[in-house]
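Work through the exercises below with the model open beside you. Try each task before you read its solution.

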Amino acid sequence: MQAIGILSSMIVEIEANPHETSLIRGGSPYNHTLCAASYGPDYPSTVRRLALKAAETGSDADLADLQDALLSAFPKYEAVLRTTQAVDLVHGGVKVNALPELVAAVVNHRIAEHSSVAALQAHIAGTVLPVARAFDLSVDAFGQNVTAGAGSGAGGHVALSDAWGTALEPSAATPMGKGDPYGVFAGTVKATIESSDRYDAKGVVVAPLLTIGNTGELATGVPAPLATS
C-alpha cells in the first residue's frame, strides 16, 4: 500500500476511535445539569430525577445513568462531555502518475475541560501505533521516538506533532463559591435582568456551562516508502 492508503488507514482508525464521554462531578456540564434540574420548569423529568438522585447519593452508577440520560435527551452534549476531533486538512499527491513523497493530515481537537493536551496526545499515539506497526513504520510521537514496526522502519516514517505549536490546555472552571468570580458574575446578570423594564422577569436563575471555542490541531505525516527494484 502506498502512502495515501496508509494515511487513509490512520484517519479511519482515528475517526473510529473517538474520545470517551465523561460527566465529571464539579465540572461545568454537571453543575449546569443540577442547576437546570433544580430550577428549569420545562427540563425533561427523567433527567431531572436522575440528576437530583446522582447529587444526593454520590454514586458513580447514578452518575453514569445521568450521563446516559443527558446524551439521550440532548445529543449535542457529546461535544461538551468529550474531546472532539475532526480531520479537516489532508495533503497528498500533486500530479497524476507520480507517487507523493509526503502525505499529511491535520486533525482539529477541542479538548474537554476534564482532559489535557497530554491525554489527547496519548490517545492519538495509541490509535495510530497499531496501524504503523502493521505497515512497519517508525513513529515519532510528539518528540518521542517510537519503534512501531519490526524495527527497521523500512515502510516509512510517521511524525505526530502539534501542527503549529499552539496547543492550549483547557481553561479551568471558574470558582463558584460564595464571593467567587462566578457568583459575582451571576449576581450581576440576575440583578440586571430582574431590574430592567425591558425584560419584566423575576426569579432569574443563571446556569453555568462551558462554551467550547479554542481550536487545536495535530498533524500526522507519512512519507512515501522508497521504491525498490
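**Exercise 1.** Find which backbone oxygen the side chain of Lys 202 reaches, and decide whether Lys 202 is buried or exposed.

*Solution.* 
Step 1. The side chain of Lys 202 reaches the backbone oxygen of Glu 194 at 3.5 Å. A polar contact is a pair of N or O atoms within 3.5 Å; within protein, one must be able to donate a hydrogen and the other to accept it, and residues adjacent in sequence count only if both atoms are side-chain atoms.
Step 2. Lys 202 sits in the loop between helix 7 (181-194) and strand 6 (216-223). Helices (H or I, at least four residues) and strands (E, at least two) are DSSP runs, numbered from the N terminus.
Step 3. Lys 190 is 12 residues from Lys 202 along the chain, and their C-alpha atoms are 8.9 Å apart.
Step 4. Lys 202 counts as exposed because its relative accessibility is 69%. The cut-offs are under 20% relative accessible area for buried, over 50% for exposed, and partly exposed in between (1.4 Å probe, protein chains only).

A note on the source: this is a predicted model, where local features need pLDDT of at least 70, side-chain atom pairs count only at pLDDT 80 or more, and totals for chains, interfaces and linings use all residues. Residues are numbered from 1 along each chain as its sequence is written, and side-chain values use heavy atoms, with hydrogens and water left out.

**Exercise 2.** Work out how many residues of helix 2 are buried, and name helices that cover them.

*Solution.* 
Step 1. Helix 2 spans residues 28-39, which is 12 residues.
Step 2. Of these 12 residues, 10 are buried, so helix 2 is mostly covered under the cut-off of under 20%. Among them are Tyr 30, His 32 and Leu 34.
Step 3. The cover includes helix 3 (45-57), helix 4 (60-73) and helix 5 (78-81).

How values were computed:
Expected span 1.5 Å × (residues − 1). Contact = heavy atoms within 4.5 Å.
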